[in-house]
Amino acid sequence: MEELFTYYDMFATKGVEYLIIIVFLIVILAFWKFVNMKPF
Amino acid sequence: MNRKLIFFLVSIAYLILISYGLYSVYTVEATLRVKEPPKIKPENKIAIARTEIFGKLERPQVIFNHGKHEEAFKKEGCNTCHPEKDGQILFDFPKTVKKKGKTAVMNAYHDQCIDCHKKSSSENKKTGPVNCGDCHKEKEKAIQVKYPVFEFDFYVHDKHVKKLKEKIGKDDCGLCHHSYDINEEDETLALVYEKGTEESCYYCHEFGKKRGPELTAITTVAAKKGLDIRSASHQQCLNCHLKYKEEYLKKGEKEACPTECSKCHTGKYRTVAELEKIVRPDRDQKDKPFIDIENSKMKGVTFDHKSHEANSKTCRSCHHETLNACDTCHSLTGKPEGNGINVANAYHHVFSEHSCAGCHNKKKEEKKCAGCHHFIPAMDVETMNPKKETCTACHSGKKDQIAMPKPLSTAGLNKDKVKKEVEIKVLEKEFEPSKFPHLDIIDKLVKVSNDSKMATYFHGNLQTLCEGCHHRSIAQAEAQKDTPPNCKNCHMTAYDGQNLNRTRLLSAYHRQCMGCHDKMGIEKGSSVRFKEGDRCGTCHKKKVGGPTEITHIKNQNVAKQNKNNILNVWRPK
Amino acid sequence: MAGEKLETVEIVKEKDESPNIKNLGDFWNFLKKELIPRGNIGTPFNVISLPIMLLGYVFIVLRLAYGLGKPVTNLNQEYPWGLWIGFDVVTGVAFAGGAYVLCFIVYVLRAEKYHPIIRATVLNGFLAYLFYAGAIVLDIGRWWNIYNPMVGNNFGVNAVMFLVAWHFFLYMIAALIEFSPTIAEWLGMKRLRKILGAMTLGAVIFGITLSTLHQSGLGALMMMAKSKIHPLWFTEFIPILYFVSSIFAGLSLVIFEGSISHKVFGPQIDEEHHKSYDDIVIGLARICAVAMFGYFFLKAILLVHEHALPYLNSTMGFWYLFEVIGFVLVPCFMFVSGAQQKNLSTIKFAAILTMLGIILNRLNYTFIAYNWFVPLSEKYWPAPMELIITASIILTEIWAFRWMVNRMPVLRKPPAWAIEKH
Amino acid sequence: MDRRNFLKIIGSGVAGAATGNLLTPGRTLAKEGTSAKELYGILVDTTRCIGCRRCELGCAEVNGLPIPDISESKNENLLKTIRKTSDAQYTIINRYETEKGTIFVPKRCMHCNQPGCVAACLVKAMRKRPSGHVTWDLNCIGCRLCMISCPFDIPKFEYNKAMPRIQKCNLCYDRYNNGVLPACVEVCPTQALMFGSRRQILDEGKRRIAANPDKYIEHIYGEYEVGGTSHLYISSVPFEQIGFRKDLGTVAYPEYSTGFLYAVPFIFVLWPIVMLGMNRATKKSKEDEGHHEEKGKH
């Protein structure tokens, strides 16, 4: 009579997280270059 | 210089953002619980969402004003929008869907609506919108349009029977009732009508929860034709109504043969009492069938079918959609048709609406019964060794005769044994003893019992009523004792250390009395009363040294006792 | 220290002969001599700060007399922790993080470039702990029991608070040891100076470990408030977030504080330090930027990880975005561009933004996004007395800082005898 | 009781530190069945409570709190608002209007099997007694982390006292030691409260639900919530309608802090090693570093 049992996928977000990591790895390269650019 | 200016502006911007943000965050109202989508009165409107086809909608649903269109197309007739098949209008929409699939249906909708609107606007008539936003209104997104189910009760049934009779001169139930011959090869001839085999529409036209090979076969056919209960009944009723509407209008009977949604789906339902006088449809059922399952252990039951007809709104409420006798589907061991429920449970299952026991339990929940009965656990075949009388009440084994016990009366009561008024002094420290009008209550109960036929039949004798409060007290034993069956005979004043769950006297009284008052809806002395703040007073008259004074005294004691204990000293705010 | 009065900056010429202290008597005289204020007293800073401080001390007495509740603080049953924990302790400690980061860079990684500011930073960190973390004594309801986590027989070893308390205590000692050579130089205790100097590396490493743990520990305190903190802020990784944010929080405070003390104590600072200073700040800016960049992505991942995306489109959501973008991403890039164009003002501005962001972040955890769903009537905001007490604590710390800087070789070169190569 | 424990603490003093109190982790690992002692608690049947507020009276009397005025007139206004337990009231009764009519709900400490407040306390002032009572002691330093860590907002702090205490229901621990029922249970006129071992009250709750399935909803609040509580509720309406949070989850609250706590020793071992290593590694690359500085300069 109470709420039904629903399956809660605790790993639902993993895929996106990995995507973010990939993005991060790419961006960090650019960022690192940017940071260590010779001051003008 | 320039940069300084920029910094200044940026910091100003940040300041504003922070202060505004803080303000809005502090004044945010909690969004912990979701709120109900608003319902509107369905004034012949229809919410077109068709989520069963479209799934999640890209645009808000359309609230379609059916009434208006009906008005507009009086002359043209329903078939302007609704498809027609061999003289019968099928009340679904759109008229023609080219092929399957979401987009096809969507286009069909748009074409049919918008084309018509365009057309009539080109004929510069007053017409509906053609732009998306005018039909798919964002503000109507969450609105729910729910039509209450129409109940084709005995009153309506009877009316139809009479009307049709005076139309065709004889009563021909075949106009509505039919059954489907699954073995018939020729589809067109499959629908047959045979007198005395009428069923409820739900029997074939409600899908899903059907049992038995034959019936499932039939329902699948019905499903293939898309004749679920909704469309089937609309088709059946409305076509007929449309046919006769005109001539009734000529006669000036405006109300006859309604076709607007809200005329049938009123949401008003007749009560059993209102329907009591109506003659029930005759399907040559017996008045007092003798139910006797062969080679069953119990004696047969003579069942007063007639009085039960009068006390139920539809045949379906006992017979499921089929109007067969119970034992056609429920055998001693249970068959697939009967959902595997054996005959014993079919009659005695406590929580079913269709079984005797279940229905009677529902009755016991009614105000006037619940007072006593909500304390008495529901009894079914699983109850261990019930009293003999309990079974024989129904299982008399006497064919065609029902021994109706005579109504109860308090005449025979021994007035000096049965107190007129009982004084309860359990709380006399705080209150005056509360007076319990013993005899009046008995009289009241007797009256209640006598008013109901069912109660009269099952209560049998006065002792039964006593057991409502004096539960577990055996009449014979009480007769020999000279002390009355006091509550304190069993319920001790203190807690039972061994069994903390045993009810002690204090709670026995409160729960018994207040429970009964609650259930019987007697405001006075029920816990509902606590709303008005008038609490103990109703039963316990105040006395000096009552709660208020006690509170005061105790408060001083606590204060005193706290004085000499610095760490525990309590300072009022 | 509250008693002593301020001097404007005035050149203190190198003390080549430092006091030689034989016994307590000498020390006492020396201290008395040192405690005497120097230079003029009526500077605007003093005129403003002194009354505030004194008022603060009065209020502190009030708080001890009348308990925590109104009128002193606005704390209520819904919000057990307010400004004193949220700002003084949690944020203050985060700002003190600069000490351990720089120690790591200088003593562990031997980036000598940052050596000139290490003493000031360590001193700053030490004082921050002493005063801000000391403020916890005010906030603790039953302060007379404060020794219980250290002495007695019921240690709640399972409690995060227990760790934090001990780490505070130990880290203060570690920081003191790190700083102690300076004091020794001030007192001219040559032998002691040697011993203490030898102890530095050990103290540093111990200190860094402790900092790692209690910086994150402060976050871990909030772990059991799961049902109260808004899902956007609550994650199982709060400790890590706190640790990472403490890195750039501390460094940006170092930048900020450095820029001020370079104005105020300018004359004490020798030439080459002055020259190298810009370079140092730029370097710090770079470190900050990278740390913040990482922090931002951590936030992004956690946002997804906690299934918190749906909340973004709400008032709290916007507040969250404002915090993450406005106070992490923006300053991050300001730092970088500032470093590019060797433009200190940009960097300083970014530093200020970052510090603001940290304050907001910590306050979010303690009372803004905490119990966010209670009605406005039960919400908490700092009471005036609370604010003044906080202000007075900070000011006191600044006074102490200034006093020590002016007396001890913090910014100026240590006495000749003390310069040893490491 | 406070004083007694207080003296005990003073008495044992520092010497007690060695008595293994340190060595054994403080968290109570109370599992029914496995331990000879059982957790005790109260089963609250919200369908029986009639909102007479006698429990508030009894509780206040026993615990030396201000006696609430439970007379009719007062009651009315009080019950209009949904109240919370306060530093002057360990237990309160709230009134909710639901689909099944008026329902009165007594609220007090849930006495979790794994209490957040206990896990949060750095001086073991909050303690989960072997008998299941969660009690507060005078060695508390008043950091109020227990208030933050309690999923039910039960511990309350006396803000307006120079010598404040944390105030919360302790299930009448001292009465329990004297073999007396908790005050609220003692005075309840309808036995809406049933005291007993958690096993008993859980069984009883299930029995009642099974006996009248259409009266109760099939859920015992506290059976699994926050890892199980010794204070159980059964109700005729879904619990969110009578002011219970359904989003607390079934994880014991201390579990949330374990992640950090378990990491601490490892970091204490690893960090020094790693940093010593770094320090050693950077030693050689001296001139290299100088080189860097050259770069930085121009």
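Predicted model: local features only at pLDDT ≥ 70, side-chain atom pairs only at ≥ 80, totals over all residues.
1. Overall make-up of chains A and D. Chain A has 40 residues, of which 0% are buried, and its secondary structure amounts to one helix and zero strands. Chain D, with 298 residues, has 48% of them buried, and its secondary structure comprises 10 helices and nine strands.

2. The contact between chains C and D. On the side of chain C, 54 residues are in contact with 60 residues of chain D. Four helices of chain C, namely H2 (44-66), H6 (160-187), H7 (190-220) and H9 (271-305), each supply at least two residues of the side that touches chain D, and H7(C) gives the most to that side, with nine residues. By class, the residues on this side of chain C divide into 30 nonpolar, 17 polar and seven charged.

3. A sheet in chain D. Three strands of chain D form an open sheet in the order S8-S1-S9, and the pairing is mixed. The edge strands are S8 (193-197) and S9 (231-234) of chain D, each of which pairs on one side only. Neighbouring strands of this sheet are turned by 25 degrees against each other on average, with direction ignored.

4. Pairing around strand S1(D). Strand S1 of chain D, which covers residues 40-45, pairs with S8(D) in the antiparallel sense over five bridges, whereas the pairing of S1(D) with S9(D) is parallel and runs over four bridges. On the S8(D) side, Val44(D) stands opposite Leu193(D), and Tyr40(D) has Ser197(D) as its bridge partner. Towards S9(D), the bridge partner of Leu43(D) is Leu232(D).

5. Burial of strand S1(D). Six of the six residues of S1(D) are buried, so this strand is largely enclosed by the rest of the structure. In a regular strand the side chains alternate between the two faces of the sheet. In S1(D), Tyr40(D), Ile42(D) and Val44(D) point one way, while Gly41(D), Leu43(D) and Asp45(D) point the other way, and all are buried. A reader going through the sheet may wish to look at Asp45(D), one of the buried residues of this strand. Helix H8 of chain D, residues 198-211, lies across S1, S8 and S9 of chain D and runs at about 20 degrees to S1(D).

6. The nonpolar cores. The largest nonpolar core has 222 residues, and those that touch the most other members are Cys103(C), Met161(C), Ala285(C), Cys288(C), Phe335(C) and Cys121(D). Helix H3 of chain C, residues 83-108, gives the most to this core, with 20 residues. Within chain D, both domain 1 (2-11 + 24-253) and domain 2 (256-297) give residues to this core, so the core lies between them. Phe335(C) touches Ala285(C), Cys288(C), Ala289(C), Ile347(C) and Ala350(C), if residues up to four places away in sequence are not counted. A second, separate core has six residues, including Cys326(B), Ile341(B), Val343(B) and Ala346(B).

7. The domains of chain B. Chain B is divided into domain 1 (154-275), domain 2 (290-392) and domain 3 (422-475 + 483-491 + 502-542). The C-alpha centres of domain 1 and domain 2 of chain B lie 29 Å apart, and 10 residues of domain 1 of chain B are in contact with 11 residues of domain 2 of chain B. Helices H8 (202-205) and H12 (272-275) of chain B each supply at least two residues of the side of domain 1 that touches domain 2, and this side of domain 1 of chain B has four nonpolar, two polar and four charged residues.

8. Val221(B) is placed in helix H9 of chain B, residues 213-224. With 15 other C-beta atoms within 10 Å, Val221(B) is partly exposed. Val221(B) and Cys204(B) are 17 residues apart in sequence, and their C-alpha atoms are 9.3 Å apart in space.

Terms used
Residues numbered from 1 in each chain as written. Chains lettered and ligands numbered in written order. Contact = placed C-beta atoms within 7 Å. Nonpolar A, V, L, I, M, F, W, Y, C, P; charged D, E, K, R; others polar. Pairing = 2+ DSSP bridges. Axes fitted to C-alpha atoms, helices over the stretch in contact; angles between N-to-C directions. Buried ≥ 20, exposed ≤ 12 C-beta atoms within 10 Å, placed from the backbone. Domains from an automatic or database assignment. Core = buried A, V, L, I, M, F, W, Y, C linked by C-beta atoms within 7 Å.
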